[in-house]
Amino acid sequence: MTQTPSRPANPLDAAEALFKPVKKVAGGPAVERRALPNVKEPVSLKLDSDVLAYFQADGPGWQERINDALRVAMKDNP
């Protein structure tokens, strides 16, 4: 009885096998996680240097001051 080799005997076939597209397993749609209330999330944000300097001028807590200013702006613009 003849067994088929686990690897292609032809080097060209072996090279081609490496570049075949991988089949993706369908896992269903991505599940969105809801953010917990009052939990801070790390983000990357680009601010003008003068805006950043303004909030950092009073020392530590500048991130909370930016958050507070954004919250006021959010309430003013429903």
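Predicted model: local features only at pLDDT ≥ 70, side-chain atom pairs only at ≥ 80, totals over all residues.
**Exercise 1. List the secondary-structure elements in order from the N terminus.**

Solution. The protein contains three helices and zero strands. Read from the N terminus on, the order is α-α-α.

**Exercise 2. Identify the residue that caps the N-terminal end of α1.**

Solution. The capping residue is Asn10. One of its side-chain oxygens lies 2.9 Å from the backbone nitrogen of Leu12. A polar contact requires a pair of N or O atoms within 3.5 Å.

**Exercise 3. Describe how helices α2 and α3 cross, and which residues make the contact.**

Solution. Step one concerns the axes: helix α2 (residues 49-56) and helix α3 (residues 62-76) have axes that come within 8 Å and cross at roughly 110°. Angles of 65 to 115 degrees count as roughly perpendicular, and therefore α2 is roughly perpendicular to α3.

Step two concerns handedness: the crossing of α2 past α3 is right-handed.

Step three concerns the residues: α2 contributes Leu52, Phe55 and Gln56, while α3 contributes Trp62, Arg65, Ile66 and Ala69. Sorted by class, the contact of α2 with α3 comprises five nonpolar residues, one polar residue and one charged residue.

Step four concerns spacing: an α-helix has 3.6 residues a turn, so residues three or four places apart point the same way.

Note on methods: Residues numbered from 1 in each chain as written. Heavy atoms only, no water. Axes fitted to C-alpha atoms, helices over the stretch in contact; angles between N-to-C directions. Helix = DSSP H or I, 4+ residues; strand = E, 2+ residues; numbered from the N terminus. Parallel < 35°, antiparallel > 145°, perpendicular 65-115°, else oblique. Left-handed = near helix turned anticlockwise from the far one by under 90°. Contact = heavy atoms within 4.5 Å. Nonpolar A, V, L, I, M, F, W, Y, C, P; charged D, E, K, R; others polar. Polar contact = N/O pair within 3.5 Å; in protein donor to acceptor, adjacent residues only side chain to side chain.
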